[in-house]
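Here is a short report for a first look at this structure.

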Amino acid sequence: MTRPGEATSHAGDSPYPPIADYALIGDGHSAALVSRSGSIDWCCMPRLDAGSSFGRLLDWERGGHCAVAPEQPDAVASHRYLDDTMVLETMFRASSGQARLLDCFTTHEGGARHPRNQLLRVVEGLRGAATFQVRIAARFDYGDVRPWVRSHHAGVWSAVGGNDALVIHTDMDLAVSALHDLVGTVTLRAGERARLSFTSVAPEQLEGGPPEAPSTHELDERLDTTIAWWREWATTVTIEGPDASAARRSALVLKALTNAPTGAIAAAATTSLPEVVGGTRNWDYRYAWIRDSQFTVRAMAELGCDREADGLRRFVERSAAGGASSLQIVYGLGGERRIPELELDLEGYGRSRPVRIGNSASEQRQLDVYGELLDLAWQWHQRGRSPDDDYWRFLLSLVDAAAEHWDEPDQSLWETRGEPRHFVHSKVMCWAALDRGIKLAQACMRKAPAERWADTRDTVRRSIERHGVDDGRGCFVRHYGTTDVDAALLLLPTVGFVAYDDPRMVATTDAVIADLDVDGLLARYRADDGVDGEEHPFVPCTFWLAECLARQGRVTEARAAYDRGVQTANDLALYGEEYDPTGGEILGNFPQALSHLSQIAAAVALRAGEGA
């Protein structure tokens, strides 16, 4: 079996590194992917869902990048995160010397809510002498805009185009190339440092000249402050046991993917990374899905990260509280409702087209969202945060909507683009909406049509048990009228529709393994979903299986599934959306929040099972 960190390139002459070669840096506002060789090939500022400033991840020639590369031909690179941080260290070793590159988005001492909007790169000599070639090829709006690059005074540059601008501060000797890039070389000996700082500003802010350049001492202090801030935040993550380190890393990744002002969590840091290289299943995941709220509250609250879990809960309340009729399943990170899906004229990662921005899933009907929101409200009531009058009116509208629409087909949590179906998971989540509505009304002494809701809830259960169970195998099925299963069925016990150890749930777990296993990993389903092309095992599903097995008391099987899921991470413990076990390749958008959330939930379940 190939480990993802061992891959070096795609087959053929493609210049695109494996997705596993990349590391995420972020600050709760912006995000960037840094390659193993020290090149920033994806960077969106001042917000993670903004147009890219460096984007050759999606078009190697046009997208732009920022490279800090050793000149020595025998240089070997390795990378790691500084302990308990999202600060990346890339180490370069050559016969003539050794140096390291530190990359981060800087934070204030008080945290991430008030951003500096600054990407900082610090190169430091460690042994002998090391010479680096530097190229800054900024390309705004997903590579569409080659900016106007100006020198203001020594070490201060700006790049401006459209509604984007970067202020560049550096103590390196750079010049403008024929391609309007900034290029240069720098040689460092042990103890010497060189710095690159990129600050995102509005172009009109440069009319009076760029902001005053921070001193090298101040830049070094910002690096130290950022390291200290991440480490202080990591102390809030409380988990013990053999999987604690992996769960803590996942929590750090999720913190980086969370928009600090709004509390929204992006499903991933990227758009259009393909599920199969050369294929068309390429989507934009830089938005906040409602269903992730339930996973986040369940996973992050278990680790003691109540502030982050509550931030997402409040984002969901604000964004969705117009009423059930205006509810969407996905929003922009600021709560934006309009995120139309567009195709860009870009080559695509590994020549995988189309390249998409926006996501038309925002227009789909996915009935599970009612249950996600009601279960979220119920979880927070149990934590002492009951709904106020205004939010209760919103919840009432959701329960009534679930009661009205539960018997209609939908696209399911898998966002299929084919014919709507009567998906069992969707029906169960409508049952959960009714069940949680009744429980909240009783517990909070709220006025509600509880008797009508209870009748409908019982009708939903009878329907599922009649049409959603394969009598032959005694298991739940994917949708009415089929004997197929899908991995979403592993989630049915999380809302109490069925106990983990119920014989039907045990049979469902076994059927999922039998039908969807691919080299120890799980596919989502095996059915036409209305989209051309193939896909590989979906990483969260393997962790769902591990959690389900652990809750059933099948701890040995759970540990095997969990460990197999962990093996899909790269050498920095970052998980993608999908994984090709044949090629040992991470695929899909990266890193994927749901994969990290599911890993945490499985680790918590395993700790409970193995500690019993």
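## A loop residue and its contacts

Leaving aside residues up to four places away in sequence, threonine 107 touches Asp27, Arg116, Thr225, Thr226 and Trp229. The model is predicted. Threonine 107 sits in the loop between strand E8 (97-105) and strand E9 (118-137). Is threonine 107 buried or exposed? Its relative accessibility is 2%, so threonine 107 counts as buried.

## Salt bridges

How many salt bridges does a search of the whole structure find? The search finds 54.

| Salt bridge | N to O distance |
|---|---|
| arginine 286 and aspartate 284 | 2.9 Å |
| arginine 436 and aspartate 375 | 2.9 Å |
| arginine 457 and aspartate 458 | 3.7 Å |

Take arginine 436 and aspartate 375, whose side chains meet in a salt bridge. This pair links distant parts of the chain. Arginine 436 belongs to helix H8 (residues 424-443), and aspartate 375 to helix H6 (residues 368-382). The two residues are 61 residues apart. Arginine 436 is buried, at a relative accessible area of 5%. Aspartate 375 has 4% relative accessibility and also counts as buried.

Arginine 286 and aspartate 284 are both buried as well.

The salt bridge of aspartate 458 with arginine 457 brings together two kinds of surroundings. Aspartate 458 is partly exposed, with a relative accessible area of 34%. Arginine 457 is buried: its relative accessible area is 19%, and the cut-off for buried is under 20%.

Some salt bridges share partners. Such bridges join Arg80, Asp83, Glu89, Arg100, Glu124, Asp171, Arg193, Arg195 and Asp220 into one network.

## Aromatic rings

The structure holds 16 aromatic pairs. One of them is tyrosine 285 with tryptophan 289. Why is this pair edge-to-face? The planes of the two rings stand at 75°, and an angle over 60 degrees counts as edge-to-face. The ring centres are 5.6 Å apart. Both tyrosine 285 and tryptophan 289 are buried.

Rings also gather in a group. Phe295, Trp414, Tyr525, Phe538 and Trp544 form one aromatic cluster.

Lysine 427 lies over the face of tyrosine 480, at 5.6 Å from the ring centre.

Notes: Residues numbered from 1 in each chain as written. Predicted model: local features only at pLDDT ≥ 70, side-chain atom pairs only at ≥ 80, totals over all residues. Heavy atoms only, no water. Phe/Tyr/Trp six-rings, centres within 6.5 Å; stacked < 30°, edge-to-face > 60°. Buried < 20%, exposed > 50% of the residue type's maximum accessible area, 1.4 Å probe, protein only. Lys NZ or Arg CZ within 6 Å of the ring centre and 35° of its normal. Helix = DSSP H or I, 4+ residues; strand = E, 2+ residues; numbered from the N terminus. Contact = heavy atoms within 4.5 Å. Salt bridge = Lys/Arg side-chain N within 4 Å of Asp/Glu carboxyl O.
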